[in-house]
Amino acid sequence: MVFIMNIVLLGPPGIGKGTQADALAAKLRIPKICTGDIMRDEARKRTPIGRKAKSYMDRGELVPDRIVLEIMEKRLKENDCRKGFILDGFPRTLVQAKGLEKTAGIDVVLNFVASQKEILERITGRLTCQYCGEIYHSEFARPKSHGVCDKCNGELYQREDQKEGVVRKRLEVYEKQTKPLIEYYRKKGVLANVNAKGRKEDVSKRVLKTLDALKK
Ligand code: AMP
């Protein structure tokens with residue numbers, strides 16, 4: 001029997017949800033849907049949605065629910081989502097969580113937990129490839145050659161919203177608008193906490209262990 005899973009990854013910005021989402025999507029062969037990536041892509045293409053979203057993103061604020069929900073309702077109806085999906089960075093507000101329920105059911109919400117200090121350290125050292133989007137870290141995951149992507153030779157840069165001032169703002173926004181979702185999903189009985197400390201391989205193992213426990 002194929003085990004279909006609709007999974008939400010929850011946690012503050014910078015905790016490593018994106019990295020875990022990639023690993024899990026490859027392992028379970030289901031799509032990873034990251035609202036941040038979708039909106040950055042729209043911004044790069046300078047679409048009307050992208051232009052609007054960029055102004056919020058650069059300030060570290062949330063893009064209005066209406067815009068995000070419209071994008072996600074369409075995306076979740078696409079064929080590849082029928083086998084299950086991993087949501088990274090969505091929902092981020094109660095309005096979004098309730099909107100999501102109208103489109104799809106959620107089986108498990110993995111809530112990644114780490115200290116604020118560790119999160120700040122991780123996110124402000126992060127470097128992203130201009131071309132392929134590969135992520136590095138100035139201390140923990142250095143590229144072979146300074147400022148250049150190992151995979152495609154693209155130039156690495158620090159995303160505007162990963163600079164310290166904006167990161168602090170994003171963490172504030174998380175506390176106010178997204179953290180209440182922990183209680184919301186706990187009450188629904190679908191929340192599972194995952195310790196996000198340490199190497200990504202170790203966190204991945206914890207994620208798989210948590211999901212395996214749910215299948216039993
Ligand atoms: P991320 O890469 O997931 O941290 O997202 C980067 C930025 O995109 C956020 O700081 C928000 O401005 C915007 N964003 C991503 N996902 C959402 C969402 N679900 N709701 C509102 N804004 C979002």
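**View 1. The shell around the ligand by residue class.** In this predicted model, the residues of the shell around the ligand divide into six nonpolar, four polar and six charged. Ala, Val, Leu, Ile, Met, Phe, Trp, Tyr, Cys and Pro count as nonpolar, Asp, Glu, Lys and Arg as charged, and the others, Gly among them, as polar. Of the 16 residues around the ligand, T35, E61, G89, Q96 and R170 come nearest; a residue is near a molecule if one of its heavy atoms lies within 4 Å of it. Helix α2 (residues 35-44) gives the largest share of this shell, four residues. Helices (H or I, at least four residues) and strands (E, at least two) are DSSP runs, numbered from the N terminus.

Residues are numbered from 1 along each chain as its sequence is written, and side-chain values use heavy atoms, with hydrogens and water left out. Local features need pLDDT of at least 70 and side-chain atom pairs count only at pLDDT 80 or more, while totals for chains, interfaces and linings use all residues.

**View 2. Polar side chains at the ligand.** An N or O atom in the side chain of T35 is 2.7 Å from a nitrogen atom of the ligand. For Q96, a polar side-chain atom lies 2.9 Å from a ligand nitrogen atom, and for R40 one lies 3.0 Å from a ligand oxygen atom. On its own the ligand has 480 Å² of accessible area, of which the protein covers 95% (Shrake-Rupley method, 1.4 Å probe).

View 3. Strand β5 (residues 126-129) pairs with strand β6 (residues 135-137) in the antiparallel sense over three bridges; two strands pair if DSSP finds at least two bridges between them. R126 has H137 of β6 as its bridge partner. The hairpin has five residues between the strands, and G133 in this hairpin takes a positive phi near 85°. Two bridges also join β5 to strand β7 (residues 156-157), again antiparallel, and T128 has Y157 as its bridge partner there.

View 4. R122 is in helix α6 (residues 116-124). R122 counts as buried because its relative accessibility is 16%, and buried means under 20% relative accessible area (1.4 Å probe, protein chains only). Beyond its neighbours within four places in sequence, R122 is in contact (heavy atoms within 4.5 Å) with residues including G14, H137, F140 and K197.

**View 5. Strands β4 and β8.** Strand β4 (residues 108-113) runs parallel to β8, joined by five bridges. V113 stands opposite N195 in β8.

Definitions and conventions:
Polar contact = N/O pair within 3.5 Å; in protein donor to acceptor, adjacent residues only side chain to side chain. Buried < 20%, exposed > 50% of the residue type's maximum accessible area, 1.4 Å probe, protein only.
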